[in-house]
Amino acid sequence: AIAEDSQIAFRYFHYTPDRSNPKSYSKDGKQHIVSPYALLWNNGNYYLYAYDGKKFRYYRVDRMERISFPLLQKREGKELFKEKDITHQKAKVFDMYGGTEYTVRIRFRNELADAVVDQFGKDVGMFPYDDEHFLIQVPVEISPPFFAWIATFGRRVKILEPVEVADKMRDFLQRAMDMYKNDG
């Protein structure tokens, strides 16, 4: 479909814990019709990066069913896709969860430089903060997996700006802590 500049259709599902009905289909099981632009590999899964008529979205390929042959309709979103740098797009999206994009300033301990390069690429600017820390300023689509990634490093990482994102991180951590309060 990408090579033929055509749209495709498929049904998309999420797993449920219900053994009698283990799949829940989005759009009530109706087909998604999208304009595919790329396949991406992330954390052991392939994702289709496609335009759905409103915005670009990620679809896990193993959750797509009844994938059509290329449709007669030509792909939409070509001009929007030209504006995207797919390599940088992948760096700012965590586990393929899209969200509102912010330019975020984050302080890391020096020993975390490898983790920063692994996530954001070799060209990420790392600027000295003090003898033990460096700063980065990167575009990030804010989502729970982003906050979980930050939390992985504990006190060795701190979101500095924007304050709104730091507040969202605090809320994320508070909600997680509330889950583990002793309910007596």
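Leaving out neighbours up to four places away in sequence, A151 is in contact with M169 and L173, where contact means heavy atoms within 4.5 Å. The C-alpha atoms of A151 and L173 are 7.9 Å apart in space, although the two residues are 22 positions apart in sequence. A151 belongs to helix α4. At a relative accessibility of 32%, A151 counts as partly exposed; the term covers values between buried (under 20% relative accessible area) and exposed (over 50%), with a 1.4 Å probe and protein chains only.

The structure is a predicted model, in which local features need pLDDT of at least 70 and side-chain atom pairs count only at pLDDT 80 or more, while totals for chains, interfaces and linings use all residues. Residues are numbered from 1 along each chain as its sequence is written, and side-chain values use heavy atoms, with hydrogens and water left out.

The protein chain contains five helices and 10 strands. Both kinds of element are DSSP runs numbered from the N terminus, helices being H or I runs of at least four residues and strands being E runs of at least two. Along the principal axes, the C-alpha atoms fill a box of roughly 60 × 50 × 25 Å. The chain has 184 residues, of which 38% count as buried. Among contacts with a separation of 6 or more, 63% are between residues 24 or more positions apart. The accessible surface comes to about 11,900 Å², and carbon and sulfur atoms make up 50% of this surface; the areas come from the Shrake-Rupley method with a 1.4 Å probe, and for residues only the protein chains shown count as cover. There are 29 positive and 27 negative side chains, and the centres of the two sets lie 5 Å apart. In this count Lys and Arg are positive and Asp and Glu negative, without His and the chain ends, and each charge is placed at NZ of Lys, CZ of Arg, CG of Asp or CD of Glu.

Helix α4 spans residues 144–152, and its buried residues include P145, F146, F147, W149 and I150. The cover over the buried residues of α4 includes strands β7 (100–109), β9 (133–142) and β10, together with helices α3 (113–120) and α5. After α4 comes G154, with a positive phi near 55°.

Aromatic side chains were examined next. A search of the whole structure finds 19 aromatic pairs. Rings of Phe, Tyr and Trp (its six-membered ring) pair if their centres lie within 6.5 Å; planes under 30 degrees apart count as stacked, over 60 as edge-to-face and the rest as tilted. One of the pairs is formed by F10 and Y59, which are edge-to-face, with 5.2 Å from centre to centre and 75° between the planes. This pair links distant parts of the chain, since F10 is in strand β1 (residues 8–15) and Y59 in strand β5 (residues 56–60), 49 residues apart. F10 is buried, with a relative accessible area of 0%, and Y59 is buried as well, with 4%. Y37, Y49, Y51, F56, Y58 and F81 form one aromatic cluster.

Charged side chains also lie over rings. The charged end of R11 sits over the ring of Y25, 3.9 Å from the ring centre, and that of K23 sits over the ring of F13, 4.5 Å from the ring centre. A charge sits over a ring if NZ of Lys or CZ of Arg is within 6 Å of the ring centre and within 35 degrees of the ring normal.

Some backbone features concern phi and the peptide bond. Most residues other than glycine have a negative phi, and most peptide bonds are trans. K27, a residue other than glycine, has a positive phi near 55°, and D28 likewise has a positive phi near 55°. K27 is found in the loop between β2 (23–25) and β3 (32–42), and D28 is placed in the loop between β2 and β3. K27 is partly exposed at 46% relative accessible area, whereas D28 counts as exposed at 73%. The peptide bond that joins E161 and P162 is cis, with omega about -5°. P162 lies in the loop between β10 (157–161) and α5 (163–179).

M179 is in helix α5 and is exposed, with a relative accessible area of 66%.
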